[in-house]
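I am keeping these notes while I look through one protein model, working from the whole chain down to single residues.

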Amino acid sequence: MKLKLDITPDLAALMAAEIKAGEKAVTAAMREAGGQLKTDWRRQITGAGLGRRLANSIRSQTYPKAGESLNAAALVWSKAPVIVGAHDTGPLIRSKDGFWLAIPTEAAGRGLRGAKITPGEWERRRGLRLRFVYRRRGPSLLVADRARINKRGQAVASRSKTGRNQVTAPIFLLVPQVKLPKRLDLDRDAERAHDRVPGLIVANWVEEHIN
């Protein structure tokens, strides 16, 4: 007696097709999860009032960059990790030299390209020397003597020979340390993205079979 086993459809082909569907489902799920996390982080940053420019520093990439894989992964990161990380953790900031942190007042204006101005830069640009004023209560000060306040509320050198409209303007507040408020919670969105992955894989796998 001769027996012959014929499996229809082809089992090897069926398994290969199922693996291919799994690769597409996992890759699509990771791409979707990474893209959603990027959107959520950007929304957090703009919602915290930190600006569109910082929000756009959040990027995402799915690996492999080409093709599909059961081991697909998504990476979401910031091109400004120090700034984003500081707002995410709320660190205690101290002076590098162990002395004072100089916090510019409105009268100080802005530095180059809109950055916060430093005392040295302020003196070079305004042509005035800053004078240290120690205060037992409250922050100490760096002030500019014989200055005037322009229409933008910034202190500039006075050209008056009579002393008219001259003021002593506080330019910087001096503090030993600053506690940056925590304005972001990136881990919250990352955990949500992680929890969504299994459901996304199943949904994409089912869709692959339907199509």
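**Order of elements.** In what order do the elements of the protein run from the N terminus on? I read the order as α-α-β-β-α-β-β-α-β-β-β-β-β-α, and I noted that the protein has five helices and nine strands. Helices (H or I, at least four residues) and strands (E, at least two) are DSSP runs, numbered from the N terminus.

**What I am reading from.** This is a predicted model, in which local features need pLDDT of at least 70 and side-chain atom pairs count only at pLDDT 80 or more, while totals for chains, interfaces and linings use all residues. Residues are numbered from 1 along each chain as its sequence is written, and side-chain values use heavy atoms, with hydrogens and water left out.

**Overall form.** I looked up the radius of gyration, which is taken over C-alpha atoms, and found 30 Å for the protein, whereas a compact globule of 211 residues would have a value near 17 Å. The globule rule here is 2.2 Å times the number of residues to the power 0.38. Along the principal axes, the C-alpha atoms fill a box of roughly 125 × 30 × 25 Å. I also noted that 33% of the 211 residues count as buried, where buried means under 20% relative accessible area, exposed means over 50% and partly exposed lies in between (1.4 Å probe, protein chains only).

**Contacts along the chain.** Among contacts between residues at least 6 apart in sequence, 60% join residues at least 24 apart; contact means heavy atoms within 4.5 Å.

**Strand pairing.** Which strands does β8 join? Strand β8 (residues 167–175) runs antiparallel to strand β4 (residues 101–104), with four bridges between them, and in this pair Ala102 stands opposite Leu174. Six bridges join β8 to strand β6 (residues 140–149), again antiparallel, and there Ala144 stands opposite Ala169. Two strands pair if DSSP finds at least two bridges between them.

**Helix α3.** Which residues of helix α3 (residues 81–89) are buried? I listed Val84, Ala86, His87 and Asp88. The helix is followed by Gly90, whose phi is positive, near 65 degrees.

**Gln177.** I found Gln177 in strand β9 (residues 177–179), and its relative accessible area of 38% makes it partly exposed. Leaving aside neighbours within four places in sequence, Gln177 is in contact with Leu92, Ile93, Arg94 and Leu101. I then compared its position with that of Leu14, which is 163 residues away along the chain, and the two C-alpha atoms are separated by 65 Å.

**Backbone angles.** Before checking these, I reminded myself that most residues other than glycine have a negative phi, and that most peptide bonds are trans. A cis peptide bond joins Tyr63 and Pro64, with omega about 0 degrees, and Pro64 lies in the loop between β1 (58–63) and β2 (73–78). Arg146, in strand β6, has a positive phi near 55 degrees, and Arg146 counts as exposed because its relative accessibility is 58%. Asn165 has a positive phi near 65 degrees and is found in the loop between β7 (155–157) and β8. Is Asn165 buried or exposed? At 59% relative accessibility, Asn165 counts as exposed.
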